[in-house]
Amino acid sequence: MGRLNKLACRLLLASLLVVGGSGPLRAQEESYTVAAGDTLGTIAARLGVTVAELAAANGIDDPNLIRVGQVLLAPGRSAVAVESAGATVAVRAWPGDTVASLASRYGVEGGQAAELNGLPAARRLFPGQPLQIPAQAAPPPTAVLGAVTSVQMPATLLQGRTGRLFVTSSRPLQLEGHWNGQPLIFQLLQEDGLRQAAFLPVDALLAPGAYPLEVGYTTSSGVPLRLQRSILVEAGPYDSQEIVVSQEKAEVLTPPVVQAERERVVSVWSQVSPERFWLERFQRPIGADYPTTSPFGTRRTYSVADIGNFHAGQDFGAPEGTLVFAPAPGRVVLAEPIAVRGNAVILDHGRGVFSGYWHLSEMKVGVGMDVAAGDVLGLVGNTGLSTGAHLHWELRIGGVAVDPMQFLEEAPFPAP
Ligand SMILES: [Zn+2]
């Protein structure tokens, strides 16, 4: 009997000793050794858990790839077993692991792990295979779902604000998911593809309550693995106001005009560019001397037409002709006069993020132009449905209008 087998036996014995609680598991089913003819489905049924739970607990990426002799841990049970001497702990291989790659995730030298386990450092391990490492080694990243090793999300979000979802994985994954029914748009945060993030934009009028988040990926054999959570949305601190518009301006705003303009802008900001232009915190789109005159999120009623029922951007009061700057790198995707928004510029910052600049007296950029943070986009004006010279600055993420001021305070994806 080799050293590994002895250790595996100790592991099973240790499992027998930690049994407790209720449920369908019997003592000897803390773990299960795969036999000929088993599938993950039959083992899951035997252990009284779902296939997804069993796959997640064992870092199994492809539920069709289990092997005879592989030891599977029952979900929710002890994931590591401490050897009697207390000097080592068993950790479990992920798909594709070698002795060295598994050990390195815990900060342990491949050579040391090889010696401890009596195996060559380059030896391939099957998914879930135990490997002994020193007990004082770094705490392990545990699989959350197949190859997904961590999912971080806020417990609560405010109306009109933007949350972030961070996902790490043991190998690059094509992540998918939804937040409140809208597809998540993921961005790579590291070149190795092991850390990704997505914005969680909250509509300013979304009723307070719990909303579903679903994230996962599809395995190479076509099995969708999904993690489901919910996030509590709380009310934002927004006031109400009524906007009175002059008869002259009101006359041009017939329902068909308003509707056509809405379709025009939605067609622009519903796109998702593959590039990500935007990496740093936003800069102000207007000089610091020009204060906010109407904040994002105010509930609004208009004396004319159905223009919308809340303020979808931030207004800065400034005289006509004041310079308007790009807050971050982007590409100009709209620069034209439209009825409600007046002379309007929209920047695409990549990965479903757009910013808009309305009511300009003059536009200084054209469609297709790439801009850097601080480049001049145009001049403040009073065009379109506006009651005085000001800049209206708007931010859209996946089409949802969110508070742009949040991104003057925070980097798009602050390090945790
Ligand atoms: Zn405004």
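**View 1. Strands E18 and E24 pair in the antiparallel sense over three bridges.** Strand E24 covers residues 376–379. Strands here are DSSP runs of E with at least two residues, helices are runs of H or I with at least four, and both are numbered from the N terminus. Two strands pair if DSSP finds at least two bridges between them. Look for Phe325, which stands opposite Val376 in E24. As a reminder, strands of a sheet pair through backbone hydrogen bonds, either parallel or antiparallel.

A quick note on what you're looking at: this is a predicted model, where local features need pLDDT of at least 70 and side-chain atom pairs count only at pLDDT 80 or more, while totals for chains, interfaces and linings use all residues. Residues are numbered from 1 along each chain as its sequence is written, and side-chain values use heavy atoms, with hydrogens and water left out.

**View 2. The zinc ion sits among donors from His311, Asp315 and His392.** To be a donor, an N, O or S atom has to be within 2.8 Å of the metal (3.2 Å for Na, K and Ca); water is not among the atoms, so sites may look incomplete. The angles among the four donor atoms run from 52 to 157°, and the site is irregular. For comparison, four donors count as tetrahedral if all angles lie between 85 and 135 degrees; four count as square planar and six as octahedral if opposite donors are over 155 degrees apart and all others between 65 and 115, and anything else is irregular. Along the chain, the donors follow the spacing H-x3-D-x76-H. Distant parts of the chain are linked here: Asp315 comes from strand E17 (residues 313–317) and His392 from strand E25 (residues 390–397), 77 residues apart. Both Asp315 and His392 are buried (under 20% relative accessible area; exposed is over 50%, partly exposed is in between, with a 1.4 Å probe and protein chains only).

**View 3. Asn382 lies in the loop between E24 and E25.** Asn382 counts as partly exposed because its relative accessibility is 29%. Its side chain makes a polar contact of 2.6 Å with the side chain of Ser386. A polar contact is a pair of N or O atoms within 3.5 Å; within protein, one must be able to donate a hydrogen and the other to accept it, and residues adjacent in sequence count only if both atoms are side-chain atoms. A polar atom of the Asn382 side chain also lies 2.9 Å from the backbone nitrogen of Gly388. Not counting residues up to four places away in sequence, Asn382 touches Lys249, Glu320, His359, Thr387, Gly388 and Ala389; contact means heavy atoms within 4.5 Å. His359 is 23 residues from Asn382 in sequence, yet the two are 5.2 Å apart, C-alpha to C-alpha.

**View 4. E19 and E20 form a hairpin with three residues between them.** Strand E20 (residues 342–350) runs antiparallel to E19, and seven bridges join the two. Glu336 has Ala344 in E20 as its bridge partner. Strand E19 (residues 330–338) also pairs with strand E23 (residues 370–371), in the antiparallel sense over two bridges. There, Gly330 stands opposite Val371 in E23. Arg341 is in the loop between E19 and E20, and counts as buried because its relative accessibility is 15%. The side chains of Arg341 and Glu261 are joined by a polar contact of 2.6 Å. Beyond four places in sequence, the contacts of Arg341 include Trp269, Trp358, His359 and Thr383.

**View 5. Gln196 is found in strand E11 (residues 195–201).** Gln196 is buried because its relative accessible area is 6%. A polar atom of its side chain lies 2.9 Å from the backbone oxygen of Leu173. Among the other contacts of Gln196, leaving aside neighbours within four places in sequence, are Leu165, Phe166, Val167 and Phe186.
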